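I opened this notebook to record what I looked up in one structure. The entries follow the order in which I worked.

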Amino acid sequence: MRNSAVTQLGWRGSVALGDWRPFAEVAWNHELGGHDRTVTASITSIAAPAYTAAAVPVAADWASALVGVSYRLNTQVMLRTAGFATVWNPQTASYGGELGVSISF
């Protein structure tokens with residue numbers, strides 16, 4: 001189990017250009033949770049002493065960004081594409097994308 005509290009400060013915006021709606025979001029994230037954590041493991045099938053070790057450290061700060069565009073095909077169908085990234089985290093960097101279709105009825 002890990003208790004976490006993350007604050008986020010950033011900017012989000014979009015603009016309507018006819019049927020197109022580009023959007024962007026950038027944020028700085030900060031972990032408020034404890035950084036001095038331990039993990040305890042023990043065998044449950046026999047009587048044996050438990051083992052405790054320091055947990056993997058958690059990054060305190062990192063940035064995230066999302067950039068994309070949606071397009072209204074008609075009054076019921078909207079297409080969307082976006083790319084996202086998590087950076088300035090010494091433990092991990094992640095990048096990805098998404099494609100979507102929204103249908104109203």
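Is Glu98 buried, partly exposed or exposed? I found Glu98 to be partly exposed, because its relative accessibility is 32% (buried means under 20% relative accessible area, exposed over 50%, partly exposed in between, with a 1.4 Å probe and protein chains only).

I noted the basis of the work before going on. The model is predicted, so local features need pLDDT of at least 70 and side-chain atom pairs count only at pLDDT 80 or more, while totals for chains, interfaces and linings use all residues. Residues are numbered from 1 along each chain as its sequence is written, and side-chain values use heavy atoms, with hydrogens and water left out.

**Entry: salt bridges**

I looked up how many salt bridges the structure holds, and the count is two (a side-chain nitrogen of Lys or Arg within 4 Å of a carboxyl oxygen of Asp or Glu).

One of them joins the side chains of Glu98 and Arg80, at 2.9 Å from N to O. Glu98 belongs to strand β7 and Arg80 to strand β6 (residues 77-87), so this pair ties together parts 18 residues apart in sequence. Strands here are DSSP runs (E, at least two residues), numbered from the N terminus. I recorded Arg80 as partly exposed, with a relative accessible area of 35%.

I then turned to Arg12 and Glu25, whose side chains meet in a salt bridge of 2.9 Å, N to O. Arg12 lies in strand β1 (residues 6-14) and Glu25 in strand β2 (residues 20-31), so parts 13 residues apart in sequence are tied together. Arg12 counts as exposed at 66% relative accessibility, whereas Glu25 is partly exposed at 22%.

**Entry: β1 and β2**

I checked the pairing of these strands: β1 and β2 run antiparallel over nine bridges (two strands pair if DSSP finds at least two bridges between them). Within this pairing, Arg12 stands opposite Glu25. The two strands form a hairpin with five residues between them, and Gly18 in the turn has a positive phi of about 70°. I also noted that β1 lies largely in the open, because zero of its nine residues are buried.

**Entry: nonpolar surface patch**

I listed the members of a nonpolar surface patch: Leu73, Leu79, Val101, Ile103 and Phe105, with about 600 Å² of accessible area together. Patch residues have over 30% relative accessible area and no salt bridge; like charges are joined within 9 Å, and nonpolar side chains (Val, Leu, Ile, Met, Phe, Trp, Tyr) within 5 Å. Accessible areas come from the Shrake-Rupley method with a 1.4 Å probe; for residues, only the protein chains shown count as cover. Val101 sits in strand β7 (residues 94-103) and counts as exposed at 55% relative accessibility.

Notes:
Helices (H or I, at least four residues) and strands (E, at least two) are DSSP runs, numbered from the N terminus.
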